[in-house]
Amino acid sequence: MQRFLALLTWLAFPVYVWQGLGVRRRTTRMLPAQGPVMHEISGQAPAVSLLMLGDSSAASVGIGNSEYGLAAQLAELISKRTGRAVRWRAAGFNSATSGQIRDHVLPNLSADPWTHIVLAIGTNDTKNFHSVPRFKSDFGGLLYALRAKWPEARVVWSPVLEFTRAPAMPPLLGKILEIRAAEMNRMGERLCLERGAVPAPRLPITDAEAGFASDGFHASEAGYRAWAEHLVDLVLAKEPRLA
């Protein structure tokens with residue numbers, strides 16, 4: 001049934017284009033947060049090395065300073081939970097898709113010994129109306145490349161968020177994209193399980209007013225905090241706490 005609905009969304013493509021253009025006209029394009037994209041938190045050895053890779057969420061778009069972004073807040077929680085030093089880097093880019101991260105970002109990242117990699121990707125693949133087969137090729141290729149470059153890292157994918165909860169989304173457009181997001185997430189989960197990554201549960205959005213930035217699409221500081229809290233236990237599933 002869900003796949004049938006996904007096929008029907010192509011019939012609604014004119015609605016997607018018309019309402020999508022309206023959202024773009026009304027929404028201020030926000031820039032990545034100011035502040036460091038790499039940082040270290042002191043603590044005990046061995047250190048946790050965290051790479052946050054993906055789209056505007058990985059770049060902390062929606063807030064003013066990167067210290068309140070997803071990568072920094074997740075690193076802080078990791079440090080508090082484990083007592084270990086944490087070295088982190090955010091490699092996120094506005095409007096990035098899975099294929100762009102695979103083809104243009106990953107090849108240019110130095111092979112630093114990252115122990116944990118978190119992927120925040122898939123929203124733009126969905127928003128840009130990429131087909132599920134294209135997402136399978138792009139996201140699946142990204143997972144292969146990550147496993148080849150960092151074979152021992154724990155890779156966690158945070159799936160596409162609920163479009164219907166984003167305040168900037170008109171109800172019909174949100175519903176159309178949500179149907180497609182469900183198919184993307186289903187394929188992404190399958191690819192993760194096949195290719196050595198861990199699919200995270202979808203982030204529950206309990207307070208959209210507090211969780212979204214002023215543009216009604218990206219996360220606020222509180223939203224990034226909730227996101228980090230949602231991911232930390234899964235990221236650290238096999239890591240012991242230090243005394």
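## The largest cavity

What volume does the largest cavity have? The largest cavity has a volume of about 60 Å³, where a cavity is a set of points on a 1 Å grid over the protein atoms alone at which a 1.4 Å probe fits but cannot get out, and a volume is the space filled by probe spheres set on the points, with grid points joined across faces, edges and corners.

Its lining residues, which have an atom within 4 Å of a point, include Asp-55, Ser-57, Thr-123, Leu-161 and Trp-227. By class, this lining divides into 6 nonpolar, 4 polar and 1 charged residues, with Ala, Val, Leu, Ile, Met, Phe, Trp, Tyr, Cys and Pro counted as nonpolar, Asp, Glu, Lys and Arg as charged, and the others, Gly among them, as polar.

## The second largest pocket

Of its 25 lining residues, Leu-161, Leu-203, Ile-205, Gly-211 and Phe-212 are the closest to its centre. Helix H9 (221-235) gives the most to this lining, with 4 residues; helices here are DSSP runs (H or I, at least four residues) numbered from the N terminus.

## Overall features and basis

Of the 243 residues of the protein, 52% count as buried, meaning under 20% relative accessible area with a 1.4 Å probe and protein chains only.

The model is predicted, so that local features need pLDDT of at least 70 and side-chain atom pairs count only at pLDDT 80 or more, while totals for chains, interfaces and linings use all residues. Residues are numbered from 1 along each chain as its sequence is written, and side-chain values use heavy atoms, with hydrogens and water left out.

Technical notes. On a 1 Å grid over the protein atoms alone, a cavity is a set of points where a 1.4 Å probe fits but cannot get out, and a pocket is an open set with protein on both sides within 12 Å along at least five of seven lines; lining residues have an atom within 4 Å of a point. Helices (H or I, at least four residues) and strands (E, at least two) are DSSP runs, numbered from the N terminus. Buried means under 20% relative accessible area, exposed over 50%, partly exposed in between (1.4 Å probe, protein chains only).
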